[in-house]
Amino acid sequence: MFGQEQGCVFCRIVRGEAEASLVHEDDLVTAFLDINPGTPGHVLVVPRRHVAGLGELEDAEAARLMLVGRSVLGALRGGAVRCEGVNLFLADGEAAGQEVGHAHLHVFPRFAGDGFALHGDWTRFPPRAELDALAARLRAALG
Ligand code: 5GP
Ligand code: ZN
């Protein structure tokens with residue numbers, strides 16, 4: 001079943017039981033190169049603790065995930081690889097394209113003509129009233 005700890009490849013990498021090209025390790029997160037990179041230098045930052053979704057992370061884990069993501073961004077921008085920009089990407093849930101059920105932040109370098117694209121229907125500009133109504137629902141949900 002999706003998101004199960006048993007047999008999780010990222011848990012095996014965190015424990016050092018599966019091969020990975022590590023770029024960072026600390027008490028809360030591990031970062032390693034993606035086995036099937038979108039661009040050269042594509043890094044995954046994962047919490048050491050197995051959780052499927054971002055919402056299940058403790059605040060300290062979520063904060064470290066982003067802080068290490070930012071550090072990796074700095075390393076990529078610093079000339080480690082060809083890098084004219086960086087994307088951070090996190091797929092939360094299978095419907096969002098999450099394939100590995102252990103939360104992870106993608107950090108990958110971008111450059112002109114790298115062939116990377118995110119497809120979506122971004123043709124619509126909803127009326128302000130519709131945006132305001134949706135924002136109100138989200139504010140209520142945020143509490
Ligand atoms: P998702 O689609 O879940 O956001 O991304 C999963 C990512 O994990 C993919 O980019 C895929 O290439 C990467 N991946 C899957 N299995 C392994 C593995 O065993 N080792 C490494 N380093 N990356 C993996
Ligand atoms: Zn796991």
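Student: Is C8 buried or exposed?

Tutor: Buried means under 20% relative accessible area, exposed over 50%, and partly exposed in between, with a 1.4 Å probe and protein chains only. C8 has a relative accessible area of 7%, so C8 is buried. C11 counts as buried because its relative accessibility is 5%. This is a predicted model: local features need pLDDT of at least 70, side-chain atom pairs count only at pLDDT 80 or more, and totals for chains, interfaces and linings use all residues. Residues are numbered from 1 along each chain as its sequence is written, and side-chain values use heavy atoms, with hydrogens and water left out.

Student: How many disulfides does a search of the whole structure find?

Tutor: A disulfide is a pair of cysteine sulfur atoms within 2.5 Å. The search of the whole structure finds zero.

Student: Where is D26, and which residues does D26 touch?

Tutor: Helices (H or I, at least four residues) and strands (E, at least two) are DSSP runs, numbered from the N terminus. D26 sits in the loop between β1 (22–25) and β2 (29–33). D26 has 19% relative accessibility, so D26 counts as buried. Contact means heavy atoms within 4.5 Å; leaving aside residues up to four places away in sequence, D26 touches R48, R64 and V68.

Student: With which side chain does the side chain of D26 make a polar contact?

Tutor: A polar contact is a pair of N or O atoms within 3.5 Å; within protein, one must be able to donate a hydrogen and the other to accept it, and residues adjacent in sequence count only if both atoms are side-chain atoms. Here the partner of the D26 side chain is the side chain of H24, at 2.7 Å.

Methods:
Chains lettered and ligands numbered in written order.
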